[in-house]
Amino acid sequence: MLNSIIKYFKIWLKFTTIATQIAFTSRFGATVFIVAKILRIIFFLLLLIFLTSKVKVIAGYSLWQIALFYATFNLIDSLTQFFLREVYRFRSYVTMGYLDYILIKPFSALFRSLFGGSDLLDLPVIFLSVIFIFIVAQRIENLSLVGMLLYILLVLNALLIAASFHIFVLSIGVLTTEVDNTIMLYRDLTQMGRVPVEIYKETISWIITFIIPVGIMVSFPTKALMGLLSPSSVFISFLTGLIFILLSFKFWRFSLSRYSSASS
Amino acid sequence: MKKYFMIAKITWEEMFTYRINFIMWRIRWILGLLMIYFLWLSVLPKNTVFFGYNQSLMLTYILGTSLISSIVTSSKTNAVGDEINQGNLSNFLIRPINYFKYWFARDVGDKSMNIIFCVFELTILFFILHPPVFIQTNFYFLFLMFVSILIALILFFFVNFLLGLIGFWSPEVWAPRFVFYIILNFFAGSLFPLDILPKQIFSIIQFSPFTYLLFFPLKIYLGQLNIIEIYKGLLISFAWTVFFYYALRYTWKIGLKGYTAQGK
């Protein structure tokens, strides 16, 4: 088991190094992308700050609580982008037959397709998000050690659900060669979690919490940190994570069984 | 003229060919709209006024900018940079076709489809959500709004095309466009009406071209500008359009001189 982990870590490191070298072949492009990502965060944050400075409370949450929701969304989103960027390149692997080459390698094709090109350009956003969470959390009252522990565990659970979504996207890509819009649809859905899910109408709020678990991914960790999450919701969160990852593995295997290698 | 009509028609057919892409893209549009709609609904309960906007005016603004955005900012010219980088531009240079009119015809096809689907989707959302929208009955305001939209879509066409021409000098055409869209998203007023910003900031950005893409047409529709302000705005947006027209022509001329058809 340990040997396997070390082996896959080395593979990931190799792929990440190569992907980073590629990303920095155009230093201008890399810099502009990083600046743009930071700008995007600042702009939306400015809007939230501006709104809450005038309205005081949105959906029952104060400025700092809203900011914590947004910072947590950014952390989960940027971590997902950082680790799973390779999924965005997967379509061409299927249509050009490169997936055959991945399948015959002596390591997991799923691992290669998910983690084969981590994006270092997301690192600044991850650092910023962590710093931002620390600053915001200090302004929120009644934080407990249990809440903090649950927050970390639920963020990890969110990453597990995000990985499941990406595996579903890969599988759909194998079956239909459609990846780009599916992955962007996932991103748009998660964007709905930039603000607490309570702002949406009850039906939509329920759907994006339990059917497409954006709420579980993004809102629940923040609520746990603030001590607003019930034990049953914590249990449902982890159960959802487990169910999603198992289903995604099953779907991936199914998609591979239907892979025709037509383009190679 | 007939050939450009055919290009617009082919753009329609092309979009229907990739149906999954098309459906996903429409779903994404609805999700984005829902997020910002519910955020404002939550910020502005009934009988509250926020910087001169009551709930009805604000929700009309949000739904209206979504519709106008799909007319003004949808553009096929995003591909111009890649066409230059891949050398495909050469194919157009030897054909009896005007490259600018070709892309404008494609935009017309794209925008007309957007208008039809947006109106259809907004109608459905209207029946589901029952938003308290403001209906403008003054035909003069409606006429001026259409004029401002017409100027806005030509202005956006020139700006977006100009960004594509970066391809003459750099393979990195997506990074500058990414920054442009982030700035556009914030300063065009698609998330909020720009005049709720602090006065000093608003007085500066009202001279930028972004203001006249979405915010300005909607302000005319809402009847919140007097005739002098409307004509002043039309004049500024027209001046920007003329400026970008000449900037585009000049850049195109210089770019063609150095064009080597690399990649072909």
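A nonpolar core is a set of buried Ala, Val, Leu, Ile, Met, Phe, Trp, Tyr and Cys residues joined through C-beta atoms within 7 Å. The legends below describe a predicted model.

**Figure 1. The largest nonpolar core holds 123 residues.** Ile76(A), Trp40(B), Val72(B), Ala152(B), Leu155(B) and Leu213(B) have the most contacts inside this core. Helix α7 of chain B, residues 139–164, gives the most to the core, with 14 residues. In soluble globular proteins, nonpolar side chains tend to be buried together.

**Figure 2. Surroundings of Ile76(A), one of the residues with the most contacts inside the largest nonpolar core.** Neighbours within four places in sequence are left aside in this view. The residues then in contact with Ile76(A) are Val155(A), Ala158(A), Leu159(A), Ala162(A), Met217(A) and Val218(A).

**Figure 3. The contact between the chains takes 31 residues from chain A and 24 residues from chain B.** On the side of chain B that touches chain A, α2 (19–43) and α8 (174–187) each supply at least two residues. The most comes from α2(B), with 14 residues. By residue type, this side of chain B divides into 19 nonpolar, 3 polar and 2 charged. For the complex, the predictor gives an ipTM of 0.73 and a pTM of 0.82.

**Figure 4. Chain A contains 12 helices and 0 strands.** Along the sequence, the pattern of chain A is α-α-α-α-α-α-α-α-α-α-α-α. Its radius of gyration is 19 Å, close to the 18 Å that the globule rule gives for 264 residues, so chain A is as compact as a globular protein of that length. Taken along the principal axes, the C-alpha atoms of chain A fill a box of roughly 60 × 45 × 35 Å. Of the 264 residues in chain A, 39% count as buried. Among the contacts in chain A with a separation of 6 or more, 79% join residues 24 or more positions apart.

**Figure 5. Helix α1 of chain A covers residues 2–23.** At 1.5 Å a residue, the 22 residues of this helix should span 32 Å, and the end C-alpha atoms are 31 Å apart, which agrees. The number of buried residues in α1(A) is 0, so the helix lies largely in the open.

**Figure 6. Chain B contains 11 helices and 2 strands.** Read along the sequence, chain B follows α-α-β-β-α-α-α-α-α-α-α-α-α. For 264 residues, a compact globule would have a radius of gyration near 18 Å, and the 20 Å of chain B agrees with this. The C-alpha trace of chain B spans about 60 × 40 × 35 Å along its principal axes. Of the 264 residues in chain B, 37% count as buried. Residues 24 or more positions apart make up 81% of the contacts in chain B with a separation of 6 or more. The average pLDDT of chain B is 88, and 99% of the residues score at least 70.

**Figure 7. Helix α3 of chain B, residues 55–72, is mostly covered.** Of the 18 residues in α3(B), 16 are buried. From first C-alpha to last, the helix reaches 25 Å, close to the 26 Å expected at 1.5 Å a residue.

**Figure 8. Leu234(B) is found in helix α11 of chain B, residues 227–258.** Leu234(B) has 17 C-beta neighbours inside 10 Å and therefore counts as partly exposed; a buried residue would need 20 or more. Not counting residues up to four places away in sequence, Leu234(B) touches Val147(B), Ser148(B) and Ile151(B). Arg177(B) is 57 residues from Leu234(B) along the chain, and the C-alpha atoms of the two are separated by 26 Å.

**Figure 9. His130(B) is placed in the loop between α6 (99–129) and α7 of chain B.** His130(B) counts as exposed because it has 8 C-beta neighbours inside 10 Å, where the cut-off for an exposed residue is 12 or fewer. The phi of His130(B) is near 50°, a positive value in a residue other than glycine. Most residues other than glycine have a negative phi.

How values were computed. Residues numbered from 1 in each chain as written. Chains lettered and ligands numbered in written order. Predicted model: local features only at pLDDT ≥ 70, side-chain atom pairs only at ≥ 80, totals over all residues. Helix = DSSP H or I, 4+ residues; strand = E, 2+ residues; numbered from the N terminus. Contact = placed C-beta atoms within 7 Å. Nonpolar A, V, L, I, M, F, W, Y, C, P; charged D, E, K, R; others polar. Rg over C-alpha atoms; globule rule 2.2 N^0.38 Å. Expected span 1.5 Å × (residues − 1). pLDDT = per-residue confidence, 0-100.
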